[in-house]
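I set down what I looked up, entry by entry.

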Amino acid sequence: MSDLNTAMAAKYRANFLKEVEAVVEEGETVKMCMQCGVCAGSCPLGKHWAHPPQEIFMMIRAGKRDEVLKSDSMWMCTSCYNCIVRCPRGVQITHVMHGLAYYAKRLGVVPEGQPTQQVSQLFWDNLMKGGRVNELKLGLSIYFKDGFGDGIKNAMANQKLGMNMMKAGRMSPMEFLSGHTIKDNAGFQKIIKKAQEIEDAKFDGAAK
Ligand code: SF4
Ligand code: SF4
C-alpha cells in the first residue's frame, strides 16, 4: 500500500463517502444520488462495466473503498455526458468517474495493465515533452505498448489511417526525428509544475 493510501484509509476509516467528498472532483455531489438508475440505463457502455455508475455511488455510500478504487469501471467512462444531462439530482457523474480514476492512480491501486490508464499515461508523457502531442510518437508508443510483435501487427492494421493522417497534414514522418515544441515550452512546464504542487498540497492536506 502506498503511503498516501495508508494515510487516507486510516483517516477516513469507515467513511469512504467523506473521503470521496474531500478529494474526488465533484465528489460532494455523490450524496445527492437517489439510485433511480437513469445514469446506468443511459450509459452506452455501462452494461459492460463491472459496476455501472449507479452501483459505484451505492458502493461509495456503503463504504466499499477497496472495491471501488480497485475497480476497472470508472476507467471505462468515455465522457459522453449522457448521464449528467439526464440525472434528476444533478450528480456530476462524468466528473466523479474521472475523479475516482485519478484518485486511484494517485493511490497506486489501478488494476495492472488497465488499458485506459496506460494510454492516458502515454498521452501525458508525450504531451509533457514539448507542450504539444507528437501524433507519430504517440501512435507508435500506443501500438508498441505490449511489445514489438503486437506493435507491428497494430501498425499494419492501421496503416491506412496513418497514411490518411499524413495526407491531411495531421502527422509527419519528420516528427519521429525531432518533433517541434510549443513556443514557450519552459513557461508551459512552469505552469504544470505549479499545478502539480497545488495538487500535491491538496492530497497531503487531506491525508493529515
Ligand atoms: S441518474 Fe443520478 S440520481 Fe439517478 S442513479 Fe444516477 S447518479 Fe443517482
Ligand atoms: S459520461 Fe461516462 S458514465 Fe456518463 S454515460 Fe457517458 S460513459 Fe457513461
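**Entry 1: conventions.** I worked on a predicted model, in which local features need pLDDT of at least 70, side-chain atom pairs count only at pLDDT 80 or more, and totals for chains, interfaces and linings use all residues. Residues are numbered from 1 along each chain as its sequence is written, while chains are lettered from A and ligands numbered from 1 in the order in which they are written.

**Entry 2: confidence.** I looked up pLDDT, the predictor's confidence in each residue, from 0 to 100. The protein chain has a mean of 92, and 100% of its residues reach 70 or more.

**Entry 3: whole chain.** I counted elements as DSSP runs numbered from the N terminus, helices being H or I of at least four residues and strands E of at least two. The protein chain holds twelve helices and zero strands. Its C-alpha trace spans about 55 × 40 × 30 Å along the principal axes. I then noted the division into domain 1 (3-111) and domain 2 (115-196), with bounds that come from an automatic or database domain assignment. The C-alpha centres of domain 1 and domain 2 are 29 Å apart.

For burial, I called a residue buried if 20 or more other C-beta atoms lie within 10 Å of its own, exposed if 12 or fewer, and partly exposed in between, with C-beta atoms placed from the backbone. On that count, 25% of the 208 residues of the protein chain are buried. For contacts, I required C-beta atoms, placed from the backbone, to lie within 7 Å. Among contacts between residues at least 6 apart in sequence, 62% join residues at least 24 apart.

**Entry 4: ligand 1.** I took a residue as near a ligand if its C-beta atom, placed from the backbone, lies within 6 Å of it. Ligand 1 has 15 residues around it, and Cys-33, Cys-36, Val-38, Cys-39 and Cys-87 come nearest. Both α3 (38-42) and α4 (53-61) supply at least two residues of this shell, and α4 gives the largest share, three residues. I sorted residues by class: Ala, Val, Leu, Ile, Met, Phe, Trp, Tyr, Cys and Pro as nonpolar, Asp, Glu, Lys and Arg as charged, and the others, Gly among them, as polar. The shell around ligand 1 has eleven nonpolar, three polar and one charged residues.

**Entry 5: ligand 2.** I found 15 residues around ligand 2, the closest being Cys-43, Cys-77, Cys-80, Cys-83 and Thr-94. Two or more residues of the shell come from each of α6 (82-86) and α7 (93-107). The largest share, three residues, is from α7. By class, the shell around ligand 2 has nine nonpolar, six polar and no charged residues.

Entry 6: I checked helix lengths against an expected span of 1.5 Å times one less than the number of residues. The 15 residues of α7 should span 21 Å, and the end C-alpha atoms are 21 Å apart, which agrees. Buried residues of α7 include Thr-94, Met-97, Leu-100 and Tyr-103. Their cover includes α1 (3-11), α2 (16-23), α3, α4, α5 (65-69) and α6. Gly-108 follows α7 and has a positive phi, near 75°.

The 23 residues of α12 should span 33 Å, in agreement with the 33 Å between its end C-alpha atoms. The number of buried residues in α12 is zero, so this helix lies largely in the open.

**Entry 7: single residues.** Ala-14, at about 70°, lies in the loop between α1 and α2 and counts as exposed because it has 7 C-beta neighbours inside 10 Å. Gln-35, at about 60°, is in the loop between α2 and α3 and is partly exposed, with 13 other C-beta atoms within 10 Å.

I also looked up Met-166, in helix α11. With 14 C-beta neighbours inside 10 Å, Met-166 is partly exposed. Leaving out residues up to four places away in sequence, Met-166 touches Met-171 and Ser-172.

Lastly, His-180 is in the loop between α11 (159-167) and α12 (185-207).

How values were computed: Contact = placed C-beta atoms within 7 Å.
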